[in-house]
Amino acid sequence: MLVLPVHADWQLDPAQSRVQASITQLNGDTPQTHHHQVRNLQGDISSDGTLRLPLKLSQTDVLERFGELPPWIGLLANTTLVTLEAQMPPERLDSLDIGESLVETLTFSVQSDMVNQQESVPLRFTREGLNEIRITHAEPMAMDGRALMANSTVKTVLSLLGYQEIDEHVPVTLNALLVNR
């Protein structure tokens, strides 16, 4: 008889999972920093260790900054813009004791219609309870503002928000909760 190890079914808790980016606008008299969020992060780690994280415009605070929008925007808002994928062996998480942490550098592949790139991100996984693991960044994280403005989709969204020129250093903070369902 073949017995397979049982792994937890780790999923992000959308209510407690978000990313914040601080974008400094350079056009204008003085630089101004604005904070934007991607909240309600949804994703899971499959039994083969694949972490999938689809991102939609509706998860950002971008749309609420525009007030009343036409109904067709709702269709666009719920379309997946990009999916982040990485490998994270679930047995590494399963073996953590409560209060114990591990740092794992995950290589995320960013997949969308126009972008296919990879980015390595050192993350800290801390078991907070029997079925809860907190994910934060293990060292300061930042996105490349030039690369953001080079992506036509991102540039369009940033332009709609009034950004014509942004600082090349865009600090990012991650605070997410994985739960064993």
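Analyst: The protein chain has 4 helices and 11 strands, where helices (H or I, at least four residues) and strands (E, at least two) are DSSP runs, numbered from the N terminus. This is a predicted model, in which local features need pLDDT of at least 70 and side-chain atom pairs count only at pLDDT 80 or more, while totals for chains, interfaces and linings use all residues. Residues are numbered from 1 along each chain as its sequence is written, and side-chain values use heavy atoms, with hydrogens and water left out.

User: How is burial defined, and what share of the 181 residues counts as buried?

Analyst: Buried means under 20% relative accessible area, exposed over 50%, and partly exposed in between (1.4 Å probe, protein chains only). Of the 181 residues of the protein chain, 37% are buried. The accessible surface comes to about 10600 Å², and carbon and sulfur atoms hold 53% of that surface; the areas come from the Shrake-Rupley method with a 1.4 Å probe, and for residues only the protein chains shown count as cover.

User: Which residues have the most contacts inside the largest nonpolar core?

Analyst: In soluble globular proteins, nonpolar side chains tend to be buried together. A nonpolar core is a set of buried Ala, Val, Leu, Ile, Met, Phe, Trp, Tyr and Cys residues joined through side-chain atoms within 4.5 Å. The largest one here has 35 residues, and Phe125 and Leu178 have the most contacts inside it. Strand S11 provides the largest share of this core, with 5 residues. Contact means heavy atoms within 4.5 Å; not counting residues up to four places away in sequence, Phe125 touches Leu178 and also, among others, Met88, Leu93, Leu96, Leu106, Ile133 and Ile135. Across the protein chain, residues 24 or more positions apart account for 60% of the contacts with a separation of 6 or more.

User: Which residues are linked in a network of salt bridges?

Analyst: Asp144, Arg146 and Glu168 form such a network. Asp144 meets Arg146 at 3.5 Å, N to O, and the closest N and O atoms of Arg146 and Glu168 are 3.2 Å apart. Arg146 lies in helix H3 (residues 145-150) and Glu168 in the loop between H4 and S11, so this pair ties together parts that are 22 residues apart in sequence. With a relative accessible area of 34%, Asp144 is partly exposed; Glu168 is partly exposed too, at 46%, and Arg146 is exposed at 53%. Glu168 and Leu26 are 142 residues apart in sequence, yet their C-alpha atoms are 9.9 Å apart in space.

User: How are paired strands read, and how many bridges join S2 to S3?

Analyst: Two strands pair if DSSP finds at least two bridges between them. Strand S2 (residues 18-25) and S3 run antiparallel and are joined by 7 bridges, with Gln20 opposite Gln37 in S3. The two strands form a hairpin with 6 residues between them, and Gly28 in the turn has a positive phi of about 115°.

User: What is noted about the phi of Asn40?

Analyst: Most residues other than glycine have a negative phi, and most peptide bonds are trans. Asn40 is not a glycine, but its phi is positive, at about 55°. Asn40 is placed in the loop between strand S3 (32-38) and strand S4 (44-45) and is partly exposed at 36% relative accessibility.

User: Is Gln59 buried or exposed, and where is it found?

Analyst: Gln59 is buried, with 7% relative accessibility, and is found in the loop between strand S5 (50-56) and helix H1 (71-77). Leaving aside neighbours within four places in sequence, its contacts include Gln37, Asn40 and Pro54.

Technical notes:
Salt bridge = Lys/Arg side-chain N within 4 Å of Asp/Glu carboxyl O.
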